[in-house]
Amino acid sequence: MSTIMTTPVRPVVRTEEIRVAVHAADPLVRAGLRSALGDGPGISLREDPAQADVLVAVAGNDPRRIPAGSARLVLVADEPNQAELWAAVERGLAVVVARSEATPGRLLRAVADAHAGRGDLPADQLGSLLRGISRLHKEVLEPRELTLSGLSPRETEVLRLLAEGFDTAEIARRVAYSDRTVKNILHGLLSRFNLRNRTHVVAYALREGLI
């Protein structure tokens, strides 16, 4: 009796689809970017940036015209100045690609990096951005008793103790605040970040790296 050999069927592995929108003031540039990205594997082009995971935008005279939203931004630009960088950061900047390097392969790699949460800025632009962040901290945040995380030192301390399992009274004793002050701090955090309860605020703080 002969034995029939069969080849095992391998499961099909589906790559995650990345929703990408394009922004450019010049219609020809926009069409060129869409054409370059449209052939990429795992790319799904969107007209509305609000429906995109990644927005690829060409820097213009006013970077504030780049749509703001939750999408991570790939900025195609030649040596953006600090004001342009800040405007891009406010819009979710993840990767900067020089115009001369904006080939289909480079753009697809930038989109993948942005989607995965990997940042990529040229060294000189990164240095400019870090200097600006340092100045922001010293001139704006520090006088208002805030840190770059958006939390005040006492908010951070209360959150850390809450994450360690201490209740309101125990936290108040450890940081020498009144119970009412601790409750007000927690209420302010819940309201500011639109969170439901203390467990939620601790989970949010840990997930976002705030504590």
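Thr168 has its place in helix H6, where helices (H or I, at least four residues) and strands (E, at least two) are DSSP runs numbered from the N terminus. The model is predicted, so local features need pLDDT of at least 70 and side-chain atom pairs count only at pLDDT 80 or more, while totals for chains, interfaces and linings use all residues. Residues are numbered from 1 along each chain as its sequence is written, and side-chain values use heavy atoms, with hydrogens and water left out.

Thr168 is buried, at a relative accessible area of 10%; buried means under 20% relative accessible area, exposed over 50%, and partly exposed in between (1.4 Å probe, protein chains only). Its side chain and that of Arg198 are joined by a polar contact of 2.7 Å. A polar contact is a pair of N or O atoms within 3.5 Å; within protein, one must be able to donate a hydrogen and the other to accept it, and residues adjacent in sequence count only if both atoms are side-chain atoms. With neighbours within four places in sequence left aside, Thr168 is in contact (heavy atoms within 4.5 Å) with Asp179, Val182, Lys183 and Arg198.

Helix H6 covers residues 168-175, and its residues Thr168, Ile171, Ala172 and Val175 are buried. Seen down the axis of H6, these buried residues fall within an arc of 100°, so they line one face of the helix; the arc is that of the directions from the helix axis to the C-beta atoms. An α-helix has 3.6 residues a turn, so residues three or four places apart point the same way. Arg173 and Arg174, on the other side of H6, are exposed. What do the buried residues of H6 pack against? They pack against helix H5 (153-163), helix H7 (179-192) and helix H8 (198-207). At the start of H6, a side-chain oxygen of Asp167 comes to within 3.3 Å of the backbone nitrogen of Ala169. Just after H6, Ala176 has a positive phi of about 60°.

Another part of the model concerns aromatic rings. The whole structure holds 1 aromatic pair, counted for rings of Phe, Tyr and Trp (its six-membered ring) whose centres lie within 6.5 Å; planes under 30 degrees apart count as stacked, over 60 as edge-to-face and the rest as tilted. The pair is formed by Phe193 and Tyr204 and is tilted, with 5.0 Å centre to centre and 35° between the planes. Phe193 lies in the loop between H7 and H8 and Tyr204 in helix H8, so the pair ties together parts that are 11 residues apart in sequence. Phe193 counts as partly exposed at 23% relative accessibility, whereas Tyr204 counts as buried at 19%.

Helix H2 also has a buried side. In H2 (residues 82-90), Glu84, Leu85, Ala87 and Ala88 are buried. They cover an arc of only 160° around the axis, which puts them on the same side of H2. On the other side of H2, Ala83 and Glu90 are exposed. Gly92 follows H2 and has a positive phi, near 90°.

The C-alpha atom of Trp86 is separated by 9.4 Å from that of Ile133, 47 residues apart along the chain. Ile133 is found in helix H4 and counts as partly exposed, at 27% relative accessibility. Between helix H4 (123-141) and H5 runs a loop that contains Ser152. Ser152 is buried, with a relative accessible area of 10%. Apart from neighbours within four places in sequence, Ser152 is in contact with Glu145 and Leu146.

These details belong to a chain with 8 helices and 5 strands. From the N terminus on, its elements run β-α-β-β-β-α-β-α-α-α-α-α-α. Of the 211 residues in the chain, 35% are buried. Among the contacts with a separation of 6 or more, 50% are accounted for by residues 24 or more positions apart. The accessible surface of the chain comes to about 13,300 Å², and 50% of it belongs to carbon and sulfur atoms; accessible areas come from the Shrake-Rupley method with a 1.4 Å probe, and for residues only the protein chains shown count as cover.

The chain averages a pLDDT of 83, and 90% of the residues score at least 70; pLDDT is the predictor's confidence in each residue, from 0 to 100. Where pLDDT is low, the predicted coordinates should not be read in detail.
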